[in-house]
Structures are given as structure tokens and as C-alpha cells.
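Hi everyone, thanks for coming. Let's look at one structure together, and please stop me if you have questions.

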Amino acid sequence: MNLSDDLKLPIFRQIGEIADNMDREVYVVGGYVRDIFLNRPSSDIDFVTVGSGIELATEVAARLNHGNGLSVFASYGTAQVKTRHLELEFVGARKESYSRESRNPIVEDGTLEDDQNRRDFTINAMAICLNASRFGELVDPFGGVADLHKKIIRTPLDPDITFSDDPLRMMRAIRFATQLGFSIEPETFEAIMRNRERISIITKERINDELSKIIRSPRPSIGFRLLDDSGLLQLIFPVVYALKGVETKEGKGHKDNFYHTLQVVDNVAEKSDNEWLRWAALLHDIGKPVTKRYDEKIGWTFHNHNFIGEKMIPRVFKQMKLPQNEKMKYVAKLVGLHMRPQSVGEDGVSDSGVRRLITEAGSELEDLMTLAEADITSKNPAKVRRQLEGFASLRQRMTEINDADALRNWKSPVDGNEIMEYFKIPPSSAIKEIKDAVKEAILEGDIPYTHDDAWAYVLRIAPEIINK
């Protein structure tokens, strides 16, 4: 098969010419080749040459960029050339061998065949020659094109060896299946199950990189179901695995919170590309396993699971080596508040309830509403309709609250220094009590959200608070 018509970028002919002048074989490989068949755009292009990839990259940078944009990673034998629109990665063809204790291979120079043998999956093991005499010729020794047509993920060689050598490939298999909507070939999947314990040698950071790509996929649930079916989920993400299962007592059961969670994540994914909102969806019910109780009158309860879940987030993020920054705080906040829109709706959408919701959610209000609406997964149509109507009323009332924008970025209309100066008092708990009383009055609608009205209210209530 010749794919010269698919190599329209001038860069391919240019690199082929440079390699010919160096008397080198050069091939475009990996994801770029795969994506030609999938009609997916790609700006990252990997090249393999028989010989030194660094030497070829140096020549390419000199020819295309006057030597600029070259990054050399000597310890890995690779180099990168950045142009205005592309990132070009160069490596010499190599063969690899592994020890049981590490996924870092012992690398030796090799042929194109050796290099293709070390690739993770058949769909990533294809190469296209760029040398003038064979320009556009596809080298596909493992049937990658056929597997693309059949939409399957399969390893080029023995899957047990492939996954034992580099256990991260198990995560990559599931990630590709999720991103592309492919199936994992049965023998390959069984090898993942057999080798799942090998995942212990992979760092949390590398695992999280794959998890994040699963989360960002069109239907993240595909990946998490595969992680569960393979036995990997319990090993890499026990707090999510703990959501699994249904317990029945006196004929009363509860929904399986794991599958409910996957539906919520998919619901959010349909509406938002926000990766951290999707993480919040994945973790929104992690407090349920520890709060589950059985009440003889009402059945299973999960009281305060949202608040418990919020407190669990920092520990989960630390254990998983996820970011310990504003992203963590964002996820924790949404987990803690994910029940609030429902409770406000059930209370009849009072103005005070709406004001409190706006103030508590702040700039995350719209994301919170997206999460709350995604959390409706009941199979009871009447219940779903009732909840959606409640949320519609809530949204309508939020737009009608005149000071909604100001409340979303809540700032007390009276300053503590102003109170201390007027009443000639030092810093004390009374200042906070006065400001809290002002906020309560505004949220209840007793006074408008203005400085003058708030100050008049302070003058009425402060003396009693200060003197008690």
C-alpha cells in the first residue's frame, strides 16, 4: 500500500531528502500513521531512522530552522525539532529487553523490524517510508490496517510478554479503546487480567496521565468499566472501586453507586470538556461507602456523604499524586456542594435558598448546576421529570435575582476596620459575628446588598453583640 497522497505536508519530502543525503532510512511511525486511517488531525509526528535519531534531527533543524528549535535528550537517544506548527520527534531504530523490576528497557541499536516489534499495539506499529525510492510505502507487518478496520486493540507479539515488560501498556490499551471506541482483542484483554499485579511498578504520575486521557474521552465510562473488568481499578483507584456493589436488607436494596457514577461522568462529558468537572463527577459519591447505614423505616441512607466526600478529596489527591492546588480545591468544593441544587429545588426555590446557593458556589455555579443535573440517573421517568423541573425553576430564579452576579463573587459590603473605627473596639470575635449577621440578613432578603443598607443594619445590631 502506498500512502504518498496522504503525506501532503512538505516536511515529509524534506526529511526524506535529508535522510537520503545522509544515506539513511527514515520512516514516519506511530500515532500519525494510525491517525491517517482514522482521519484525525495530528501535529505531533514521530520519525524512526536506522542510525542516530539525534544526528538526523540536528540536520533537520539546521535545514528547516537554521539550527533553532532543537532539543536533544541524549540519555534516551531522542531529539525534538519544533517548527511553527509542528513538533517532530526523532529516534533511532532500536530493540529492547526488560528486567522484571522495571519498565525501563535495556536499549540497543536495531533495524526497523526490531523497532516495530517493540511497539505496544498493532495499530501503532505501522511505518511509512520517506526515502525517495520508496516514498509513501506502508510497512505493516502485524496487520495494523486490518485491526483499524475491525476496531480492535491487539499487541504485535505475545501480550503476556508485552504487558509484563511494560505494564503501563495495559493502561494504554484501555485508554486507546476508550478514546477510539475500539474493543480489546480477547487474548490481549485476558493477558491484562493475568498481568494486572505488574501495574505496581508503574508510578502514580504515569497512571494518572492515562486516567486523565480516559477522563477526557467522549465516553469515560468505557475505560472505567474496562479497568474494573480487568482487575486494574481495584489496584490503582481503590476509592472508586469501593463504590461497587449492592447490599440488600429486609428486601430493601440501593443502587450500585459505581455504575451510577459512570453514568454521571458520561452525562457531564456530554455537556462539558472541563476535565476537572469530570473528575468531580467521578468522585462526587466517594463518601457513600463510609456513610452507608440501614434505617428500618426508610431503608439505606448516605447522610452527609457529600461533606465526607469533600473532606476525603485532599487525601485522595495526595495518594493518587494528583495536583495539590486550585484544581483539588475546585473538585472538593463541587463534591461538597453537589447536593445543594437539589435541596434548594425541593425547598420550593425560595429567594433565600437561591441567594445562599449562589454565594456558596461562587464562580463555580454553572459547573455545579451541570454536575447536579448530570447526577439525575433514576430509571423512574416521573422522578426524573420532577427533578428536572425543579432545576429549571431554580435556574430561572437565579437569573431573576437582581444581585446574582454580585453574590457570586461575595464580598461583605461592610469592612471590619470600618466597624472597629466607628465603635472604637479592637479586633475580636464580635467583628466576625456582626459581618455574619449582615450576610445572613442579605441572604434572607431582609436588607438589600448595598453598603448603606448594610451599615444601617450594623448600627442597629452591633451594640448588643459588642456588649454581650
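I'll go through a helix pair, then a pocket, then an aromatic pair. Please keep in mind that this is a predicted model.

Let's start with the helices. Two packed helices are described by the angle between their axes and the distance between the axes. Here, helix α7, residues 168-180, and helix α9, residues 204-215, have axes that come within 9 Å and cross at roughly 10 degrees. Angles under 35 degrees count as roughly parallel, and α7 and α9 are therefore roughly parallel to each other. On the α7 side, the contact is made by L168, M171, R172, I174, R175, T178 and Q179. From α9 come R206, I207, E210, L211, K213 and I214. By type, the residues of this contact are 6 nonpolar, 2 polar and 5 charged.

Next, the second largest pocket, with about 830 Å³ of space.

Finally, the aromatics: the structure holds 11 aromatic pairs. Take F47 and F90: their ring centres are 5.0 Å apart and their planes are at 15 degrees, so the pair is stacked. F47 sits in strand β2 (residues 44-49) and F90 in strand β5 (residues 87-92), so this pair links parts of the chain 43 residues apart.

Thanks, everyone!

Terms used. Residues are numbered from 1 along each chain as its sequence is written. This is a predicted model: local features need pLDDT of at least 70, side-chain atom pairs count only at pLDDT 80 or more; totals for chains, interfaces and linings use all residues. Side-chain values use heavy atoms; hydrogens and water are left out. Axes are lines fitted to C-alpha atoms, for helices over the stretch in contact, and angles run from 0 to 180 degrees between N-to-C directions. Helices (H or I, at least four residues) and strands (E, at least two) are DSSP runs, numbered from the N terminus. Angles under 35 degrees count as roughly parallel, over 145 as roughly antiparallel, 65 to 115 as roughly perpendicular and the rest as oblique. Contact means heavy atoms within 4.5 Å. Ala, Val, Leu, Ile, Met, Phe, Trp, Tyr, Cys and Pro count as nonpolar, Asp, Glu, Lys and Arg as charged, and the others, Gly among them, as polar. On a 1 Å grid over the protein atoms alone, a cavity is a set of points where a 1.4 Å probe fits but cannot get out, and a pocket is an open set with protein on both sides within 12 Å along at least five of seven lines; lining residues have an atom within 4 Å of a point. Grid points are joined across faces, edges and corners, and a volume is the space filled by probe spheres set on the points. Rings of Phe, Tyr and Trp (its six-membered ring) pair if their centres lie within 6.5 Å; planes under 30 degrees apart count as stacked, over 60 as edge-to-face and the rest as tilted.
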